[in-house]
Amino acid sequence: MDREPQRNSLDAYWMPFTAQRQFKSNPRLFTGAEGIYFKTSDGRDVLDGVSAMWCSNAGHCRPRITEAIRQQAGEMDYSPAFQIGHPKAFELANRLVALMPGGLKHVFYTNSGSESVETALKMAIAYHRVRGEGSRVRLIGREKGYHGVNFGGMSVGGMVANRKMFGTLVAGVDHLRHTHGDPGNFFSRGEPEHGAELADDLERLCALHDPSTIAAVIVEPVQGSGGVIVPPKGYLKRLREICDRHGILLIFDEVITGFGRLGTPFAVEYFGVEPDLVTTAKGITNGVIPMGAVFAQTKIYEAFLQGPPNAIEFFHGYTYSGNPMACAAALATLDTYEEEGLLTRAASLAKYWEDGLHSLRNHRNVIDIRNIGFVGAVELATGPGGPTQRGFAAYLKLYEAGLLCRTTGDSIAFAPPLIAEHKHIDFLVDTLGNVINSID
Ligand SMILES: Cc1ncc(COP(=O)(O)O)c(C=O)c1O
């Protein structure tokens, strides 16, 4: 057997969510990052139009965060997560709950958005059980939703390609209709006018399954990976009301909207709707070290505190829950956000951003533009080669032109670091406009 390392081969690494053959025939490699730019292996600067993967909210290689990680690695690299704590995990929890309005005053640490979602779903089902409502086991997601790639999140998720190859998924899951596609909402600036009544779809599912079988509804306040789908005015409030009426928990998946994307620390504040659980990740450490956190209402946390005091109440957790390196990174991230006012900065950029994106309305094949806070997407009509062909062509051309985006189908999405200035938005809009007009 040949054990010589194939040092220059790209084959060994099976890349996530990547077209292996396309990528490996012409790889795109980043070798450095600073502020709002990546550096490519061939020496070019690429403007980070999407905070890498919606996570580098403060931009890249921020000195405070880098230094905190360096120090923590030398002081205490790791400590056990179960039955033992360390001060930074508690300090961080207090800092986090201080940012969250209302009664969401407890946090459970995870290592990713997917794990936060699994944790929240398990909390919801277990919460009903500890209160004596063990029949509430069903979970409701929404079409076009993205809640990560583990079995629970994939099951409540509603992106077909992420589900169809993986069998029958978790039992007892149903989906609300998505809110995208009303022609009256195309080119809306911010929240669209039409569609609050789509929340009533939950009543349909209650009538079908009986509310006494439903544990929780999970939605992204703004659907990110589904193509930046902004909720219609009043939709989330209505969903909250229906959940309340039927004793169903409401979970907001804020993995993308958390940590300043909309101009408030969390979408909870932006929409004035308080869910029972909130899932976060990504921006919690500026993407630098994997970490996630689930926020729970006090009533949920306290419901578990029964039985003998030395008995574990919630049989769930990860080896790396609250690991010291991640906590150090998160604390320094929060310091950076605070010092630079980044958790509210999107509010002051939002109008300029909106005007910039909507200036592309009459460009070639543009059929919709959506935006809110400092996130947005331009959707192209599906091309003759089928869905994703134009979107992916745009992705590649934008990369060549020095701009990083994300695409879903033929929607081209952006969520630049919250440190962006008007000149960066100008570059983004100009480059995007030129590229769109160059695609058949
Ligand atoms: C709303 C939402 N939930 C969950 C996830 C999954 O996060 P991760 O990739 O960290 O597991 C994502 C990732 O983009 C997301 O956008």
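Student: Which residues lie nearest the centre of the largest cavity?
Tutor: His180, Asn185, Pro192, Asp368 and Arg370, out of 16 lining residues. A cavity here is a set of points on a 1 Å grid over the protein atoms alone where a 1.4 Å probe fits but cannot get out, and lining residues have an atom within 4 Å of a point. This is a predicted model, where local features need pLDDT of at least 70 and side-chain atom pairs count only at pLDDT 80 or more, while totals for chains, interfaces and linings use all residues. Residues are numbered from 1 along each chain as its sequence is written, and side-chain values use heavy atoms, with hydrogens and water left out.

Student: How many cavities of 30 Å³ or more are there?
Tutor: The count is 1. The largest cavity holds about 110 Å³ of space, a volume being the space filled by probe spheres set on grid points joined across faces, edges and corners.

Student: And what is the lining like by class?
Tutor: It has 6 nonpolar, 7 polar and 3 charged residues. Ala, Val, Leu, Ile, Met, Phe, Trp, Tyr, Cys and Pro count as nonpolar, Asp, Glu, Lys and Arg as charged, and the others, Gly among them, as polar.

Student: New topic. Which residues of helix H8 are buried?
Tutor: Asp201, Leu202, Leu205, Cys206 and His209, in a helix that covers residues 201-209. Buried means under 20% relative accessible area, exposed over 50%, and partly exposed in between, with a 1.4 Å probe and protein chains only. Helices (H or I, at least four residues) and strands (E, at least two) are DSSP runs numbered from the N terminus.

Student: What do the buried residues of H8 pack against?
Tutor: Strands S5 (138-142), S6 (173-176) and S7, plus helix H9. Contact means heavy atoms within 4.5 Å.

Student: Where is Ser225?
Tutor: In the loop between strand S7 (214-219) and helix H9 (235-246).

Student: Is Ser225 buried or exposed, and why?
Tutor: Ser225 counts as buried because its relative accessibility is 15%. Leaving aside neighbours within four places in sequence, Ser225 contacts Trp54, Tyr146, Met159, Glu220, Ile256 and Thr408.

Student: Where does His86 sit?
Tutor: His86 is in the loop between helix H3 (63-75) and helix H4 (87-99). His86 is buried, at 7% relative accessible area.

Note on methods. On a 1 Å grid over the protein atoms alone, a cavity is a set of points where a 1.4 Å probe fits but cannot get out, and a pocket is an open set with protein on both sides within 12 Å along at least five of seven lines; lining residues have an atom within 4 Å of a point.
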